[in-house]
Amino acid sequence: MITSTTLIDLILHEVPGAVYLTPLGNDRYLFRVPVSSVEIAPKVQDQLRKRSPNIEALSNSIARLGGEPVYAICAMAHPVAGMLQIGDGGQRLRALITQKAKECLVQVMGSWVTVEDAVSAGLQMNTARYEMNDEDLLNFVAKSAMSLQTIADLTGMSKSAVERYKLVGNVPILAEAVLAGFIGMTIAAELVRTCGEDPNRLAA
């Protein structure tokens, strides 16, 4: 494993514009680097192409947070041709590029020597992060005073999808049926509309 001093010197020497900020513990080191000096590791890029992330929504979220993602981009220990190789945070990088950011914070992971190291660790990190499930969304949307469009903008969902969560979330017995898998969200929402959002008619 590469030593911390060697790793820091390597990044500063190989990556144009890189500035070392601080150690983060557990063989992690924080740098501020030009966005142009960061790219997604090839095998990770191949995986990203299979997804359809809402980059615009993520970009807007980053902008509201002052231009930095909540989770810093994570890079492998060895740059390639002067570029830090991203193992986790490809979508955040794409969002930063979309908003024409000049610099970003990057955690360089000393233990990520190969792409396989990065992909394995990245999978664990993504699985551990909190993601709102249907129960969370039904509860939140039903109680929220935000407009449907505002929730859609914040979550990256379509306005029609948010409306379905709102309709179903306001009918607890129907929400429970959806969560139990007895009925689909779209059909449940249509049922609410058909009954004029009247709880008594739905109960019947």
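Select Ala75 and look across to E6: its bridge partner there is Val108. Two strands count as paired if DSSP finds at least two bridges between them. Helices (H or I, at least four residues) and strands (E, at least two) are DSSP runs, numbered from the N terminus.

This is a predicted model, in which local features need pLDDT of at least 70 and side-chain atom pairs count only at pLDDT 80 or more, while totals for chains, interfaces and linings use all residues. Residues are numbered from 1 along each chain as its sequence is written, and side-chain values use heavy atoms, with hydrogens and water left out.

**The sheet**

Now show every strand. The order in this open sheet of 6 strands is E1-E2-E6-E4-E5-E3, and the pairing is mixed. E1 (19-25) and E3 (38-40) stand at the edges; each has a single partner strand, so one side of each lacks a neighbour in the sheet. From one strand to the next, the twist averages 40 degrees.

Contact here means heavy atoms within 4.5 Å. Axes are lines fitted to C-alpha atoms, for helices over the stretch in contact, and angles run from 0 to 180 degrees between N-to-C directions.

**Strand E2**

Select E2 next. E1 and E2 run antiparallel, joined by 5 bridges. Pro23 stands opposite Tyr29 in E2. The hairpin of E1 and E2 has 2 residues between the strands, and Asn26 takes a positive phi near 55 degrees in this hairpin. E2 and E6 are also antiparallel, with 7 bridges. There, Val33 stands opposite Cys104 in E6. Is E2 largely enclosed or open? E2 is largely enclosed by the rest of the structure, because 5 of its 7 residues are buried. Buried means under 20% relative accessible area, exposed over 50%, and partly exposed in between (1.4 Å probe, protein chains only).

**Gln107**

Move to Gln107 in strand E6. Gln107 is buried, at a relative accessible area of 11%. Its side chain makes a polar contact with the side chain of Arg28 (2.7 Å). A polar contact is a pair of N or O atoms within 3.5 Å; within protein, one must be able to donate a hydrogen and the other to accept it, and residues adjacent in sequence count only if both atoms are side-chain atoms. Beyond four places in sequence, the contacts of Gln107 include Leu24, Tyr29 and Cys74.

**Helices H3 and H4**

Select H4 (residues 90-98). H4 lies across E3, E4, E5 and E6, running at about 130 degrees to E3. H3 and H4 pack at about 75 degrees, with axes 8 Å apart. That makes H3 roughly perpendicular to H4 (angles under 35 degrees count as roughly parallel, over 145 as roughly antiparallel, 65 to 115 as roughly perpendicular and the rest as oblique). Among the contact residues are Ile55 and Leu58 of H3 and Ala95 and Leu96 of H4.

**Two loops**

Finish with Ala81, in the loop between E4 and E5. Ala81 has a positive phi of about 50 degrees although it is not a glycine. Ala81 is exposed, at 79% relative accessible area. Lys100 sits in the loop between H4 and E6. Its phi, near 60 degrees, is also positive. Lys100 counts as exposed, at 68% relative accessibility.
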